[in-house]
Amino acid sequence: MSARWGDSRVDVTLVKAGRTKIRYPAVVVADDGTRITVRAPWAGDGVKDFGFVRFEPGDVFTEYYWRDRWYAVKEVRAGDGTLKGWYTDITRPARVSGGELVVEDLDLDLWVSADGALVLRLDEDEFAASGLTERDPRAAEQAEHALDTLELLARQGRFTRLLD
């Protein structure tokens, strides 16, 4: 069943280690009851240069969240519409309630460049240091499986099929 959004806005809240990491408003593009798609401008302060991509004011993120999957995919475009690539957060499944979309970041990330040539696993050291493997082994296993699956899809050129 599809959610009803009234003004088609939602606050996206990314939680990490029990604390709100970032919260920002987004426009709901679609919600089929399993996947919710939102669009928002870059919500960070200034420019974030990862070395392989820069997120900067004017960038637009189309973000895909699933209520039954352990990841969220963010399509990143420059202000002129040029595709930069996809940044994937490994998360617990999204929860939507009362105009708020909440995801818990589990530290692992994946970057896929616009041409698919660059596929990078990120923050594995943070994941190892988080203690999730000891604290919640099932969640850690789900997170590692999600990252492995997404990396395989990206390397096979099938990553964008997730977004169809």
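Let's start inside: the largest nonpolar core has 25 residues, and Tyr71, Val73, Ile90 and Phe159 are the ones that touch the most other members. A nonpolar core here is a set of buried Ala, Val, Leu, Ile, Met, Phe, Trp, Tyr and Cys residues joined through side-chain atoms within 4.5 Å. Buried means under 20% relative accessible area, exposed means over 50%, and partly exposed is in between (1.4 Å probe, protein chains only). At least two residues of this core come from each of β6 (60–66), β7 (71–77), β8 (83–91), β10 (100–113) and α3 (137–155). The top contributor is α3, with eight residues. Apart from this core there is another one, made of 14 residues, including Val10, Ala26, Val38 and Tyr65. As background, nonpolar side chains tend to be buried together in soluble globular proteins.

Before going on, a word about what you're looking at. This is a predicted model, in which local features need pLDDT of at least 70 and side-chain atom pairs count only at pLDDT 80 or more, while totals for chains, interfaces and linings use all residues. Residues are numbered from 1 along each chain as its sequence is written, and side-chain values use heavy atoms, with hydrogens and water left out.

Which residues does isoleucine 90 contact, leaving aside its neighbours within four places in sequence? They are Trp70, Tyr71, Glu104, Asp105, Leu106, Asp107, Leu108, Asp109, Ala143, Ala146, Leu147 and Leu150. Contact just means heavy atoms within 4.5 Å.

Now zoom out to the whole chain. It has three helices and 11 strands, and from the N terminus on they run β-β-β-β-β-β-β-β-β-β-β-α-α-α. Both kinds of element are DSSP runs numbered from the N terminus: helices are H or I with at least four residues, and strands are E with at least two. The radius of gyration is 15 Å, close to the 15 Å that the globule rule gives for 164 residues, so the chain is as compact as a globular protein of that length. That radius is taken over C-alpha atoms, and the rule is 2.2 Å times the number of residues to the power 0.38. Along its principal axes, the C-alpha trace spans about 40 × 35 × 30 Å. Of the 164 residues, 43% count as buried. Among contacts with a separation of 6 or more, 44% involve residues 24 or more positions apart.

Aspartate 31 is found in β2, and at 9% relative accessibility it counts as buried. Its C-alpha atom is separated by 33 Å from that of glycine 131, 100 residues apart along the chain. Alanine 30 is also found in strand β2, but this residue counts as partly exposed at 37% relative accessibility. Not counting residues up to four places away in sequence, alanine 30 touches Arg35, Ile36 and Thr37. Alanine 30 and tyrosine 64 are 34 residues apart in sequence, yet 9.4 Å apart in space, C-alpha to C-alpha.

Finally, check out two loop residues. Alanine 17 sits in the loop between β1 (9–16) and β2 (19–31), and its phi is near 55°, a positive value in a residue other than glycine. Alanine 17 is exposed, with a relative accessible area of 71%. Aspartate 123 lies in the loop between β11 (119–122) and α1 (124–130). Its phi is positive too, about 65°, although aspartate 123 is not a glycine. With a relative accessible area of 24%, aspartate 123 is partly exposed.
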